[in-house]
Amino acid sequence: MLDLAIIGGGPAGLTAGLYATRGGLKSVTMFEMGMPGGQITGSSEIENYPGQVDIMTGMELMESWPKQAMKFGLKHEMQQVMKVTKTGDTFSVELSDGSKQEAKTVLLATGSVPRRAGFKGEDTFFGRGISTCATCDGFFYKNKEVALIGGGDSALEEAVYLSKICSKVYLVHRRDTYRAAPSTIEHMKACENIEEVSNVDVEEVIGDNMGVTGLIVKSKESGETRQLDVPGIFVFVGRDVLSESLKQEDGTYLCDVNEQGEVVVDLRMKTSVPGLYAAGDVRIEAAKQVVCAAA
């Protein structure tokens with residue numbers, strides 16, 4: 001039986017493994033489908049990690065983390081966790097190969113993924129002109145026009161970021177007001193090369209064998225359509241947390257979650273179930289930053 005099963009191999013999972021093994025737990029396994037590191041490895045520019053003076057990529061930042069964490073005995077199993085259940089004081093971790101492992105305690109650190117908007121052509125051109133990471137892919141559209149879909153803080157912040165790289169940014173939003181902080185809205189409106197395309201529905205993304213060539217939007221007021229000729233589209237319509245492994249046979253969750261499926265924890269990352277913890281982006285009120293996930 002494991003002392004601790006860690007589900008997820010990003011900054012939260014790796015740091016938990018480091019502290020748990022160094023703190024004396026003998027049997028700690030981290031379950032991560034791919035190589036450890038998490039979503040931050042896809043970022044092209046990081047300049048706000050404490051103590052890191054030089055700008056570096058996410059891959060460079062996370063490169064030494066697995067080696068450090070495993071130095072004290074953390075084991076890595078390249079498996080997907082399908083379900084976590086609890087009987088008495090023992091947790092059962094069901095894996096994608098059909099096997100099960102028992103554990104005294106479990107830490108869920110599976111993170112979150114960008115939410116798809118659901119418009120026509122999104123799946124077809126995802127990765128071929130449609131992106132959910134401006135810092136990862138913005139450079140490819142240097143001095144070109146792009147469209148960004150969304151109306152929250154993240155969307156407006158990314159629009160400002162892209163405005164420094166691209167010749168023009170079309171900010172496409174389904175409402176005529178934004179769900180962002182007043183200071184963020186003010187900052188966005190101060191950018192001369194951001195054009196607001198508000199109160200519209202995204203009809204379709206069009207393209208060819210080379211990728212995206214444009215975005216068609218429809219006015220909610222007049223019903224008129226407009227084609228934005230852009231080679232790149234960035235989608236920021238929220239994130240979905242990866243807490244499905246906590247779902248039980250009856251459809252309920254093993255512990256308390258909010259309406260978005262985020263795991264409810266206290267200041268010590270404890271859930272409503274003794275022995276079950278959650279850390280990183282999968283928990284409530286997560287700051288979506290590496291330093292916070294690690295902490």
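## Sheet, hairpin and helix pair in a predicted model

Five strands form an open sheet in the order β8-β15-β9-β10-β11, with parallel pairing. Its edge strands are β8 (130–131) and β11 (194–198), each pairing on one side only. This is a predicted model, in which local features need pLDDT of at least 70, side-chain atom pairs count only at pLDDT 80 or more, and totals for chains, interfaces and linings use all residues. Residues are numbered from 1 along each chain as its sequence is written, and side-chain values use heavy atoms, with hydrogens and water left out.

Helices (H or I, at least four residues) and strands (E, at least two) are DSSP runs, numbered from the N terminus. Two strands pair if DSSP finds at least two bridges between them.

| Pair | Residues | Sense | Bridges | Bridge partners |
|---|---|---|---|---|
| β9 and β10 | 145–149 and 168–173 | parallel | five bridges | leucine 148 and leucine 171 |
| β12 and β13 | 200–208 and 211–219 | antiparallel | eight bridges | valine 202 and valine 217 |

A hairpin joins β12 to β13 through two residues.

Next, the helices. The axes of α6 (residues 153–163) and α7 (residues 182–189) come within 9 Å and cross at roughly 30°. Axes are lines fitted to C-alpha atoms, for helices over the stretch in contact, and angles run from 0 to 180 degrees between N-to-C directions. The angle makes α6 roughly parallel to α7; angles under 35 degrees count as roughly parallel, over 145 as roughly antiparallel, 65 to 115 as roughly perpendicular and the rest as oblique. Asp153, Leu156, Glu157 and Val160 in α6 meet Thr184, Ile185, His187 and Met188 in α7. Contact means heavy atoms within 4.5 Å.

Isoleucine 284 sits in the loop between β17 (276–278) and α8 (290–294). Isoleucine 284 is buried, with a relative accessible area of 17%. Buried means under 20%, exposed over 50%, partly exposed in between (1.4 Å probe, protein chains only). Leaving aside neighbours within four places in sequence, isoleucine 284 contacts Asn258, Glu262, Val263, Val264 and Val265. Its C-alpha atom is 8.9 Å from that of glycine 261, 23 residues apart along the chain.

Finally, the cysteines. A search of the whole structure finds zero disulfides, a disulfide being a pair of cysteine sulfur atoms within 2.5 Å. The closest cysteine sulfur to that of cysteine 191 is in cysteine 166, 12 Å away, too far for a bond. Cysteine 191 is buried at 14% relative accessible area. Cysteine 255 also counts as buried, at 6% relative accessibility.
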